[in-house]
Amino acid sequence: MTPDDLARLHRAAFAFPPPWSAAAFATTLAQPAVFLLASPCGQAFVLGRVVAGEAELLTLATAPAARRQGLARGLLQGFDTAATTRGATTAFLEVAETNTAAMALYAATGWITAGRRPGYYHCPADRTDQGGQGRPIAALVLQKPLR
Ligand SMILES: CC(C)(COP(=O)(O)OP(=O)(O)OC[C@H]1O[C@@H](n2cnc3c(N)ncnc32)[C@H](O)[C@@H]1OP(=O)(O)O)[C@@H](O)C(=O)NCCC(=O)NCCS
């Protein structure tokens, strides 16, 4: 997938936190520590980074029309393998605590809550999902040990 493909899918997948631009994807992908895994038809992707034995899941998205078909679950398995191959022994990510779909996915795939950052996100005033309407939303820090 190209940076334009990634930005398009990101925009379709969520409006909050703000989707990344194609330029942001291009800049991130240029980092040697970053890796991208995509589903065969380009309907989902995960972006990760491994630094000093620790993997970070930077972002993950499935196109709305392709959800609940196991694409994200499969990509998370691939993320674990790719991170381990690059020397990671643990992984972490940040997710809005109101993102119930992502929280269910991460709970189902072995991630555990390791911390909470109050007011980390500010939901736009016109968003009514994810507990929105302009109020601050906490980020949860999730961790997963990798074998
Ligand atoms: C979160 C997201 C990536 C899940 O993608 P997906 O491909 O639909 O997920 P999967 O089909 O692999 O789901 C695997 C499991 O996660 C859980 N899950 C996924 N979406 C869920 C939802 N909307 N509600 C409840 N559980 C959900 C379920 O346990 C599911 O297994 P099941 O379908 O057998 O019940 C997708 O909803 C998305 O792109 N959301 C917007 C972007 C986002 O929030 N990214 C993550 C934060 S960075």
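In which strand is Phe 45 found? Phe 45 is found in strand β2, where strands (E, at least two residues) and helices (H or I, at least four residues) are DSSP runs numbered from the N terminus. The model described here is predicted, so local features need pLDDT of at least 70 and side-chain atom pairs count only at pLDDT 80 or more, whereas totals for chains, interfaces and linings use all residues. Residues are numbered from 1 along each chain as its sequence is written.

Phe 45 counts as buried because it has 24 C-beta neighbours inside 10 Å; by definition a residue is buried if 20 or more other C-beta atoms lie within 10 Å of its own, exposed if 12 or fewer, and partly exposed in between, with C-beta atoms placed from the backbone. Leaving aside neighbours within four places in sequence, the contacts of Phe 45 include Met 1, Leu 6, Leu 9, Ala 61 and Leu 75, a contact being a pair of residues whose C-beta atoms, placed from the backbone, lie within 7 Å. Phe 45 and Thr 62 are 17 residues apart in sequence, and their C-alpha atoms are 6.7 Å apart in space.

## The nonpolar core

Phe 45, together with Val 46, Leu 75 and Val 95, is one of the residues with the most contacts inside the largest nonpolar core, which has 32 residues. Such a core is a set of buried Ala, Val, Leu, Ile, Met, Phe, Trp, Tyr and Cys residues joined through C-beta atoms within 7 Å. At least two residues of this core come from each of α1 (3-13), β2 (44-51), β3 (54-62), α3 (71-85), β4 (90-96), α4 (100-108) and β6 (136-145), and the largest share, six residues, comes from α3.

Val 95 touches Ala 102, Met 103, Tyr 106, Ala 139, Leu 140 and Leu 142, when residues up to four places away in sequence are not counted.

## The sheet

The strands form an open sheet of six with the order β1-β2-β3-β4-β6-β5 and mixed pairing, two strands being paired if DSSP finds at least two bridges between them. β1 and β5 (112-122) stand at the edges, each with a single partner strand, so one side of each is left without a neighbour in the sheet. Neighbouring strands are turned by 25 degrees against each other on average, direction ignored; the axes are lines fitted to C-alpha atoms, for helices over the stretch in contact, and angles run from 0 to 180 degrees between N-to-C directions.

α1 lies across β2 and β3 and runs at about 70 degrees to β3. β5 is hardly covered, since one of its eleven residues is counted as buried.

Thr 59 has its place in strand β3 and is partly exposed, because 19 other C-beta atoms lie within 10 Å. Its contacts, apart from neighbours within four places in sequence, are Trp 20 and Leu 47.

Ala 52, in the loop between β2 and β3, has a positive phi of about 50 degrees although it is not a glycine, and counts as exposed because it has 7 C-beta neighbours inside 10 Å. Arg 68, in the loop between β3 and α3, is a residue other than glycine with a positive phi near 60 degrees, and it is exposed, with 9 other C-beta atoms within 10 Å.

## Around the ligand

Of the 21 residues around the ligand, Thr 62, Arg 67, Ala 72, Ala 101 and Ala 104 come nearest, where a residue is near a molecule if its C-beta atom, placed from the backbone, lies within 6 Å of it. β3, α3 and α4 are the elements that give two or more residues to this shell, and α4 gives the largest share, five residues. By class, the shell has 13 nonpolar, five polar and three charged residues; Ala, Val, Leu, Ile, Met, Phe, Trp, Tyr, Cys and Pro count as nonpolar, Asp, Glu, Lys and Arg as charged, and the others, Gly among them, as polar.

Methods
Contact = placed C-beta atoms within 7 Å.
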